[in-house]
Amino acid sequence: MSSSSEKINLLGMPLSKLEAFFESIGEKKFRAVQVLKWIHQGGAESFDEMTNISKALRVKLDEIAEIRTPEVVFQSESSDGTRKWVIRVGGNNSVEMVLIPEGERKTLCVSSQVGCSLNCSFCSTGKQGFNRNLTAAEIIGQVRIAIKSYGPIELNSKQRRVTNVVLMGMGEPLMNFEPVVDAMTLMMEDNAYGLSKRRVTLSTAGLVPAIDELGERTDVSLALSLHAPNDSLRDELVPLNKRYPIQEVIGAAKRYLARCNDKRVATIEYTLIDGVNDQPEHARELVRVLRDLPCKLNLIPFNPFPNSGYRRSKRAAIDRFKEITTHGGLITTVRSTRGDDIDAACGQLVGQVDDRTRRSQKYIPVNQGASSS
Ligand code: SAH
């Protein structure tokens, strides 16, 4: 690699880390706010653009530091306006991210890991195995790429090109704790992207100790991938359940919400799979399980991928499930399938993973699967 990779990348540093960086090089702390604004609000790619900073400091910064955004290798736009990017993150690895416009709202779904180690049975990312965690720069870099794709940005512009961020792309965010917290801190930082804590959502398969730790560090919105109303079925779909069963996960979510202290509710994600978890008795059981948790329910019709062995629930089953849970007192929505013509829907984000586990060997890759059928 070029010598630039030895420089310190400032892109992923939240304010506190950037202040520590400036102090460590004998500069005043307030420089951090100036540089943070230039990087995230001004979209600066180099220190040379930072006109309110002395030439001498700009030269010094350029010698030791850089602002490095991951490289976009592919971008596509769906017929419904959904945009998808493939981003190279070294070697043969790439991750994907998706921007979903819905009226005023523009939700960016970002990845936190190259692949995923959890191996949920219905998720194509899991089938690819795992390579590594993304850095904070690679996570916040996704927000930067999406914003910049609409043209240059200006310092002090109030325009919001991304209004919401969800950590629902590739990976389990809580298995990459520090970089994810740093990136979310930047998303909410006034001198960076200034999103409110209600507009940044972390989705987890239920890593109980990390949910508790998260509550000590931040108060972003929480989404839980439940997908089953009882442990025997959830053990099958989300293997992590064997370590942290449903009641423990729900307990952690309650503690998290209680800390937020502001009438917040969790989002429960429930992927509906034909004949597996979509029967009326599952819906009734789910209502009972969620009785004491302040939450809303988001049903996600399963998005198929080659050789998954699962099918999407029938429309009638989805409607019936919604009816039963709504009747049971849950605010239930059905997530519309967006961007599926460009493989940008939930569970279809695959990128490319140079697998370090042996899991992907048991799985026929997407393109091979498609050509053999
Ligand atoms: N690891 C995190 C975030 C990534 S997945 C988590 O488990 O929450 C984001 C959501 O998409 C999760 O709820 C996940 O279970 C769901 N999902 C994964 N594969 C899917 C598929 N094929 N169809 C529909 N939803 C899927």
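A polar contact here is a pair of N or O atoms within 3.5 Å, and residues adjacent in sequence count only if both atoms are side-chain atoms. In this predicted model, T163 and its neighbour N164 make such a contact, with 2.6 Å between their side chains. T163 sits in the loop that runs between α5 (136-148) and β9. The side chain of T163 also has a polar atom 2.8 Å from the backbone nitrogen of K106. At a relative accessible area of 9%, T163 falls under the 20% cut-off and therefore counts as buried. Leaving aside residues up to four places away in sequence, T163 touches E104, R105, K106, L195 and R199.

Now for S203, which is placed in strand β10 (residues 200-204). S203 is buried too, because its relative accessible area is 8%, under 20%. Its side chain pairs up with that of E269 in a polar contact of 2.6 Å. Beyond four places in sequence, the residues that S203 touches are L167, M168, E172, P173, A223, S225 and E269.

Then there is the largest pocket, with about 1000 Å³ of space. Its lining takes in 37 residues, and R105, V166, M168, N298 and R335 are the closest to the centre. Two or more lining residues come from each of β5 (94-102), β6 (105-109), β9 (164-167), β11 (221-225), β13 (295-301) and β14 (331-334). The top contributor is β13, with 5 residues. By type, the lining splits into 18 nonpolar, 10 polar and 9 charged residues.

Key. Residues are numbered from 1 along each chain as its sequence is written. This is a predicted model: local features need pLDDT of at least 70, side-chain atom pairs count only at pLDDT 80 or more; totals for chains, interfaces and linings use all residues. Side-chain values use heavy atoms; hydrogens and water are left out. Helices (H or I, at least four residues) and strands (E, at least two) are DSSP runs, numbered from the N terminus. Buried means under 20% relative accessible area, exposed over 50%, partly exposed in between (1.4 Å probe, protein chains only). A polar contact is a pair of N or O atoms within 3.5 Å; within protein, one must be able to donate a hydrogen and the other to accept it, and residues adjacent in sequence count only if both atoms are side-chain atoms. Contact means heavy atoms within 4.5 Å. On a 1 Å grid over the protein atoms alone, a cavity is a set of points where a 1.4 Å probe fits but cannot get out, and a pocket is an open set with protein on both sides within 12 Å along at least five of seven lines; lining residues have an atom within 4 Å of a point. Grid points are joined across faces, edges and corners, and a volume is the space filled by probe spheres set on the points. Ala, Val, Leu, Ile, Met, Phe, Trp, Tyr, Cys and Pro count as nonpolar, Asp, Glu, Lys and Arg as charged, and the others, Gly among them, as polar.
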